[in-house]
Amino acid sequence: MGNLAFQPVIVESNLFGRNETIASIRDAAAFLLSGWPKKKASLYMEARVLCYEAQTGIGSVDAARLIFVEAAIEADIYVKEGR
């Protein structure tokens, strides 16, 4: 199980005024577990599942990234693409 890098996504972190760059499945999974807002929207669990599947090799990195971005938009924490 590697890093599984993807095009970076910038999201708001729990720390007020800070943004976090998510550039891999590992980053996304860690953020979903410890950096996500307390209120979980409908796409949150789907993003966790797809990140797990990508980490284990049974799912697509691209699909996991896409649902992570959609979940971040839904949670109102998405900032932008890139670094």
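Is serine 13 buried or exposed? I started my notebook with that residue, keeping in mind that this is a predicted model.

**Entry 1: serine 13**

I looked up the accessible area first. Serine 13 has a relative accessible area of 15%, and buried means under 20%, so serine 13 counts as buried. Next I checked where it sits: serine 13 is in the loop between β1 (5-12) and β2 (19-24). Then I listed its contacts, leaving aside neighbours within four places in sequence. Serine 13 is in contact with Arg18, Asn19, Glu20 and Phe31.

**Entry 2: the overall fold**

I stepped back to view the whole chain. I found three helices and three strands in the protein. Following the sequence, I wrote down the pattern β-β-α-α-α-β.

How many of the contacts between residues at least 6 apart in sequence join residues at least 24 apart? The figure I noted is 50%.

**Entry 3: size and surface**

I looked up the radius of gyration, which is 11 Å for the protein. A compact globule with 83 residues would have a value near 12 Å, so the two agree. Along the principal axes, the C-alpha atoms fill a box of roughly 35 × 25 × 20 Å.

Of the 83 residues, 39% count as buried. The accessible surface comes to about 5000 Å², and carbon and sulfur atoms account for 53% of that surface. I also looked at the charges: there are 9 positive and 10 negative ones, and their mean positions are 8 Å apart.

**Entry 4: the aromatic rings**

My count comes to four aromatic pairs. In one of them, phenylalanine 31 and tryptophan 36 are edge-to-face, with 5.9 Å from centre to centre and 75° between the planes. Both phenylalanine 31 and tryptophan 36 are buried.

How are the rings of tryptophan 36 and phenylalanine 68 arranged? Their centres are 5.8 Å apart and their planes lie at 65°, so this pair is edge-to-face. I then checked where the two partners sit. Tryptophan 36 lies in the loop between α1 (25-34) and α2 (44-56), while phenylalanine 68 belongs to helix α3 (residues 61-74), so the pair ties together parts that are 32 residues apart in sequence. Both tryptophan 36 and phenylalanine 68 are buried.

Notes: Residues are numbered from 1 along each chain as its sequence is written. This is a predicted model: local features need pLDDT of at least 70, side-chain atom pairs count only at pLDDT 80 or more; totals for chains, interfaces and linings use all residues. Side-chain values use heavy atoms; hydrogens and water are left out. Helices (H or I, at least four residues) and strands (E, at least two) are DSSP runs, numbered from the N terminus. The radius of gyration is taken over C-alpha atoms; the globule rule is 2.2 Å times the number of residues to the power 0.38. Buried means under 20% relative accessible area, exposed over 50%, partly exposed in between (1.4 Å probe, protein chains only). Contact means heavy atoms within 4.5 Å. Accessible areas come from the Shrake-Rupley method with a 1.4 Å probe; for residues, only the protein chains shown count as cover. Lys and Arg count as positive and Asp and Glu as negative; His and the chain ends are not counted. The place of a charge is taken as NZ of Lys, CZ of Arg, CG of Asp or CD of Glu. Rings of Phe, Tyr and Trp (its six-membered ring) pair if their centres lie within 6.5 Å; planes under 30 degrees apart count as stacked, over 60 as edge-to-face and the rest as tilted.
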